[in-house]
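Hello,

Here is the structure I promised to hand over. Please open it first, then read my notes below.

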Amino acid sequence: MNSVKKKLYFIYNPQAGMAKIRENLSEIIEVFASSGFEITVCPTLKAGDARQATIAADGKYDIIACSGGDGTLDDVTAGMLQSVTKVPIGYIPAGSTNDFAQSLQIPKNMLDAAEVIVSGKKQSFDMGKFNDKSFVYVAAFGLFTDVSYETSQDMKNTFGHFAYIIEAAARLPQTRYYHVKVEHDGMTMEDDFIFGMVSNSLSVGGVKDITGNGVLLDDGLFEVTLVKNPVQVQDFTDIAAAVINRAQDNRFVFNFKTDKIKFSSDEEVPWTLDGEFGGSPREVCLENMNRVLELIVPKNVSLPCVSP
């Protein structure tokens, strides 16, 4: 009898990460094929294509694999949430930063990452709900959070991660604050904030450990950082140190964990979700969706999870 081949759907962004996927595409497919998969390949042309492709693939494949930046992974996971049949997602990082891939210890080498997809283990992770949208690992507003989606793709391809630094430095004189009411766990605070971050990751923007110590990716809790508007320019030094070191005693920075949080403002507040523009709502409810995301990760690594 002939054995039935497992089916793998490979969605990739040909522009991500200096378009390096193009140089590795045939070898990646060879890795999949040599492991006995029947492969269908789907390049994306614009934002949202990966989500639509994932929805259209519902029930037809054993694995959905994708390659691109965090935005591509975000699209695929959003499509999987809308699908009736849930299958594991494999990820080959090809973007400029790839924060979540770093948290999962997925190799930067594309062929090694492809090997993980065919030989790794399945692991469940939390995701976030942002009003009626979803995000994989971070939702944020304020200082520098628009840098990732307003930095041009050509600039990212030319300068890589340094492109974010160039763009961010140019924005320092334009720092502004938002008057926001924050509600969580029966508590309310209202103040002027220059930055807010709700995350489930070990790094954000390529900065490791900025989300704090004791982060677990499947515990049903977000890590939250809020930064008040500084009184004087020199206060920025204390703020930067407090954010990076997750200090608990800085009068401008608040750090805590929660599974649900609400932000309200009288003005529109621009948000970024996983490095992409998430809209400018006046009211946002964020909820942790515990262990709804199943990814394929390296078999012999220890990840920051409650469930091994």
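**What I found**

Asn-131 is partly exposed, with a relative accessible area of 30%. Asn-131 sits in the loop that runs between E5 and E6. Its phi is near 55°, a positive value in a residue other than glycine. Most residues other than glycine have a negative phi. Please keep in mind that this is a predicted model.

Asp-274 is a second residue to look at. Phi of Asp-274 is near 50°, again positive in a residue other than glycine. Asp-274 lies in the loop between E15 and strand E16 (276-277). Buried or exposed, at a relative accessible area of 2%? Asp-274 is buried, because 2% is under the 20% cut-off.

**The chain as a whole**

The chain holds 10 helices and 17 strands. It has 308 residues, and 52% of them count as buried. Take the contacts between residues at least 6 apart in sequence: 73% of these join residues at least 24 apart.

**Aromatic pairs**

How many aromatic pairs does a search of the whole structure find? It finds 11. One of them is Phe-130 with Trp-271, an edge-to-face pair. Their centres are 5.3 Å apart, with 65° between the planes. This pair links distant parts of the chain. Phe-130 belongs to strand E5 (residues 121-130), while Trp-271 belongs to strand E15 (residues 271-273). They are 141 residues apart. Phe-130 counts as buried, at 2% relative accessibility. Trp-271 is buried too, with a relative accessible area of 2%.

Phe-135 and Phe-222 make another pair. The ring centres of Phe-135 and Phe-222 are 5.9 Å apart and the planes are at 20°, so this pair is stacked.

Ring pairs link Phe-130, Phe-141, Tyr-178, Phe-263 and Trp-271 into it.

**Strand E6: Ser-134**

Ser-134 is in strand E6. Ser-134 is buried, with a relative accessible area of 13%. What does Ser-134 touch, leaving aside its neighbours within four places in sequence? The contacts are Asp-74, Ala-78, Leu-81, Met-127, Gly-128, Lys-129, Leu-273 and Met-289.

**Helices H3 and H4**

Two packed helices are described by the angle between their axes and the distance between the axes. Here the axes of helix H3 (residues 49-56) and helix H4 (residues 70-82) come within 7 Å and cross at roughly 35°. The crossing of H3 and H4 is right-handed.

Which residues meet? From H3 they are Asp-49, Ala-50, Arg-51, Thr-54 and Ile-55. From H4 they are Thr-72, Asp-75, Val-76, Ala-78, Gly-79, Met-80 and Gln-82. By class, this contact of H3 with H4 has five nonpolar, four polar and three charged residues.

Which residues of helix H6 (residues 110-119) are buried? They are Met-110, Ala-113, Ala-114, Val-116 and Ile-117. These residues cover an arc of only 150° around the axis, so they are on the same side of H6. What covers them includes strand E1 (6-12), helix H2 (21-34), strand E3 (63-68), strand E4 (89-93) and strand E17 (283-297).

Ile-106 lies in the loop between helix H5 (99-103) and H6. Ile-106 is buried, with a relative accessible area of 7%. Ile-106 and Pro-93 are 13 residues apart in sequence, and 7.9 Å apart in space from C-alpha to C-alpha. Leaving aside neighbours within four places in sequence, Ile-106 is in contact with Tyr-91, Pro-93, Ala-101, Ala-113, Ile-296 and Pro-298. Ala-113 is among the buried residues of H6.

**Strand E9: Glu-190**

Last, Glu-190. It lies in strand E9 (residues 187-199). Glu-190 and Ser-264 are 74 residues apart along the chain, and their C-alpha atoms are separated by 9.2 Å. Beyond its neighbours within four places in sequence, Glu-190 is in contact with His-179, Val-180 and Lys-181.

Best wishes

Technical notes. Residues numbered from 1 in each chain as written. Predicted model: local features only at pLDDT ≥ 70, side-chain atom pairs only at ≥ 80, totals over all residues. Heavy atoms only, no water. Axes fitted to C-alpha atoms, helices over the stretch in contact; angles between N-to-C directions. Helix = DSSP H or I, 4+ residues; strand = E, 2+ residues; numbered from the N terminus. Left-handed = near helix turned anticlockwise from the far one by under 90°. Contact = heavy atoms within 4.5 Å. Nonpolar A, V, L, I, M, F, W, Y, C, P; charged D, E, K, R; others polar. Phe/Tyr/Trp six-rings, centres within 6.5 Å; stacked < 30°, edge-to-face > 60°. Buried < 20%, exposed > 50% of the residue type's maximum accessible area, 1.4 Å probe, protein only. Arc of directions from axis to C-beta.
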